Protein chains: 4
Amino acid sequence: MTSTLARRAGAELVGTAFLLMAVIGSGIAAVRLSPDDTGLQLLQNSVVTGAALVALILALQPVSAAFNPVVTLVERAFGSLGNRETAALLAAQVAGGMLGAVLANLMFDLDAVSIATRDRSGGGLWLAEAVATFGLVLVIFGGLRSGRPETVAFAVGGYITAAYWFTSSTSFANPAVTLARMLSDTFTGIAPSSVAMFVLMQLVGAGLAAIVVRALYPEAARSLPVERSAR
Amino acid sequence: MTSTLARRAGAELVGTAFLLMAVIGSGIAAVRLSPDDTGLQLLQNSVVTGAALVALILALQPVSAAFNPVVTLVERAFGSLGNRETAALLAAQVAGGMLGAVLANLMFDLDAVSIATRDRSGGGLWLAEAVATFGLVLVIFGGLRSGRPETVAFAVGGYITAAYWFTSSTSFANPAVTLARMLSDTFTGIAPSSVAMFVLMQLVGAGLAAIVVRALYPEAARSLPVERSAR
Amino acid sequence: MTSTLARRAGAELVGTAFLLMAVIGSGIAAVRLSPDDTGLQLLQNSVVTGAALVALILALQPVSAAFNPVVTLVERAFGSLGNRETAALLAAQVAGGMLGAVLANLMFDLDAVSIATRDRSGGGLWLAEAVATFGLVLVIFGGLRSGRPETVAFAVGGYITAAYWFTSSTSFANPAVTLARMLSDTFTGIAPSSVAMFVLMQLVGAGLAAIVVRALYPEAARSLPVERSAR
Amino acid sequence: MTSTLARRAGAELVGTAFLLMAVIGSGIAAVRLSPDDTGLQLLQNSVVTGAALVALILALQPVSAAFNPVVTLVERAFGSLGNRETAALLAAQVAGGMLGAVLANLMFDLDAVSIATRDRSGGGLWLAEAVATFGLVLVIFGGLRSGRPETVAFAVGGYITAAYWFTSSTSFANPAVTLARMLSDTFTGIAPSSVAMFVLMQLVGAGLAAIVVRALYPEAARSLPVERSAR
C-alpha cells in the first residue's frame, strides 16, 4: 500500500470509528438520561450525529472523509478511484465502524460486543433507506461535482440530522454503519436479520442518485476524488 | 426544453420533494415519538426543516435551489428569469412538493394521499404568513443581490428554523409547500379551505419584500439568476 | 438624510424588528406549546434567537446589521461612524425593536402593546448583563477588526444562543431589545422598573469590552464600519 | 512579556473564562429550569457549550484561541511554540478557567467558590476521556495542518456538542476546564479526587492524537501557530 493510500485508509478508519461512537454512544446516553421520551432521545441522537459529521468531515476531508461504502462506490463509478484504492477504503470503513461500536460499548461499561435484537423491516422502512441514501449521495456529490468541497461537511451534517427524522428508518444510509450497529444491542442497534435488506436498499438509492447527480452536474468541476478535493 | 432548463427544473423538483419530506416526515415522526409535548414536536420539526434546507441549498444551488414559487416570481420580477423558465420552475416546484408529500406518507406506512383537515385561519395567522414570507424573501435576496450566494443556505436554514416559532402560522412562506401540505392529514397538514388565504398573504409579503430589497440593494451585485449565481 | 444613510437606517429598522419578533414571538409560542418545562421553553427561545441572528446578519450586513445601540456606540467610539449617522442608526434600532414587539403581539392575537410586569433585578442579573454585553461586543469586534466580517453572523448567533443560558439574566445585552421587551407582557418581557439598571450594565460591559478589543486587536484590519465591511 | 505574547495570553484568559462560564453557567441554568430530565439538561449544556466555542474561536483565533492546555502542548510538540510562550498560555488558560467558574457562580447568586463533590471515576469514564481528547486534538489539528484554520471553530463546536453525548464522561477533554470545574459544586462539577485521572487520560489521548495527526498530515500546510494561522 502506498503511503498516500495508507493515509487515506487511516483517515477512513479513524473517521468511521468516531462516526459510530457518535451514533451508538449518544444513543446509549440518550436512553439512560431521557428515559421517558423517545422523541427527545432521537433529537439528542440526531443532533449529535450531525454535529459529529461536521467536525469529522472538516478535519479529515483533505485526506479522506467518505466514511461510507456507498459514497466510495459512487466515486469508483465516477472513475475517481481505482479498484485497489476502493477495496482499501471499504475495508477501512467497515473495520473502523466496528472499532467504533466496540469503543462506544466499552465507554458506557457494556460488553465489548452484544448482538442487536431490534428488528427493522417493512416496506416503509425499505423505501425510507433508499430515499435516505439517495438524498445523502445527492448532497455529497452536489457539493463535490460543483467544485465546492468545503460545503460538504455542513451539507452532510444538516442532511443527516434531518434524515434521522424525515425517513421512517432513521436513515442509516451507510452499509458500514449498518454492519457496525449490529454490534451493540442498544437504542441504535439493528438485528442481523434486518441488515441485508437495508444494505440492498442503500445500494439502490445510491445507484439512482448517481444517475441524477450525473444528469444535474454533467461535468465534474474537478476530477479529483473526495480525498483530495478539499485542497 | 433546453438541457439547461431541464436540469434546473429537475433540481427544483428533487429539492422541493426533499423539502416536503423533511417538513411532513419529521412532523409525523415528532408526533409519534414525542406525543406529550407539542412544543417538543415543533422543535424537532423546525430544526429538521432548517437543517434539510442548509443541505439541499448547498447541494443544488449551482443548478437551481429556490424550491419556492414566490422566490422564483421575485426573480422574474427582477428580470433574471424569462416567462418560459419561470413557468417550468414553478411547475417543477409544485410537482416536486406533491411527490415529497406522497413519499413522506408512504415511508411512514400511511396512505399515499390523505387530505388534511387542519384548519389554519384567522387574522394573526394571515399577518404571520405575510411577515414570514417578507422575511424569507429579504433573507434570500439580501445574500444574492450583495453577491454572496454562498451565504444563502445558512441564512435560509436559520431563518426557517426561527420562523416556525416566531410566526403564529409556523411560517409556511411557500405556495408549493402549502399546496403539498394539503396531501397529508398529519401534524403539518393544512385543510384545503385554508390554502387560498395563506398563498395570498405569501404573495403580499413577497411583493413588499421585493420593494424593500430593491431599496436596500439598489444595484444587484450580479445579474445572474439564483441558479447560476453560486459559481 | 443621504440615500446611503437612509438605506442603513432602513436595514437597522427592518433587522431589529425581525430580531424582536424572533425573541418575543418564539417566547410566546414556547410557553403555549411547552407549558410544563421552563428549560424547554428557553431552549426553544434561545435556538430561535440565535438562528434568526445568523439569517438577519447574513442578509443585511452589507448594508447595516448592528441591530444594537451598544454596537453602534462602540463603532462611534472607534471612529467609524459620525454623530449624525450614529443618531440615525440608534433611532432606527429603537423604532424597529418596538415595531417588532407590536408585530409579535399581533401575530399571536394579543393586544398590540401590553406593558410587561416581570421584574428582573438583583446583583447576579446585573453582573450577568455586564458580562453578556462584554462578550457580545468582544465577539462582534473580534471578527470585524481582524478583517473577517463574514464570520460575525455565525459568531453572534452562537454567542447569543449560549448566553441566554450561561448568564442568569438570559442575556438581553442590547438596549433596543431591552426597551422593546417592555411592550409585551409575555415570557420575554421586562418590567419598565427593571430597564434602567439593565441598560446601565450593558453600557458598562460594552465599554470594558471596547478597551479589551482595542488591546487584543490594536490595529483594525479595515477602517470601514460594520455596514460596509462585508464587501 | 512581549506585547504580542501579552495579547495572546490575554485572549486565552478571556476566551477560557467565557468557555467556563458557558459550561458551568448553562449547567446551573439547565438544572434549575429543567429539573425533571437529565437528558434535556445535557442537551442544553452541550448545545450551549458548542455554540459558545464557535463564537469564541471565531472571535479570538487571529490572536489566540486554544483555551486548552493539551492543545497548547501539542503545538509545543509540533514546534510552533517556544517554552516561554507555552508557559504563559498555559497559565492564562488555567487562570481564565478559574475566573470563569467564579463569574458563573456569582451570576447565579452562588458562593464565588464551592468545591465540587461529584465523583467521576471508573474505567469507562477514563477510556472516554482519552477518546474524547484524542478526537478533539484530531479535529483541531486536522484543520490547522491542512491550512484551513477558518474551519476549526465549526469543527470544535460540532465536536464538543457531540462528544458531551457519545463519551460516557461528557468529554471534559481539557485540563483547564477540568481544574476549573472543581470550583462549582453544581451540574458540571468534578470532585478534586477525580481530577488527576481525568487529566492523565486527557494527556494520553492528546499524545496518541498527535502521532496520528502527524501521520495523516505529514507536512503542515503552514508552520504558523494557532494564534496566527487565521490570517
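Good morning. In chain A, the mean positions of the 14 positive and 13 negative charges lie 11 Å apart. Here Lys and Arg count as positive and Asp and Glu as negative, with His and the chain ends not counted; each charge is placed at NZ of Lys, CZ of Arg, CG of Asp or CD of Glu.

This is a predicted model, in which local features need pLDDT of at least 70 and side-chain atom pairs count only at pLDDT 80 or more, while totals for chains, interfaces and linings use all residues. Residues are numbered from 1 along each chain as its sequence is written, chains are lettered from A and ligands numbered from 1 in the order in which they are written, and side-chain values use heavy atoms, leaving out hydrogens and water.

I turn to the fold. Chain A has nine helices and zero strands, where helices (H or I, at least four residues) and strands (E, at least two) are DSSP runs, numbered from the N terminus. Its C-alpha atoms fill a box of roughly 50 × 35 × 30 Å along the principal axes. Of its 231 residues, 68% are buried, that is, under 20% relative accessible area with a 1.4 Å probe, protein chains only.

Key: Buried < 20%, exposed > 50% of the residue type's maximum accessible area, 1.4 Å probe, protein only.
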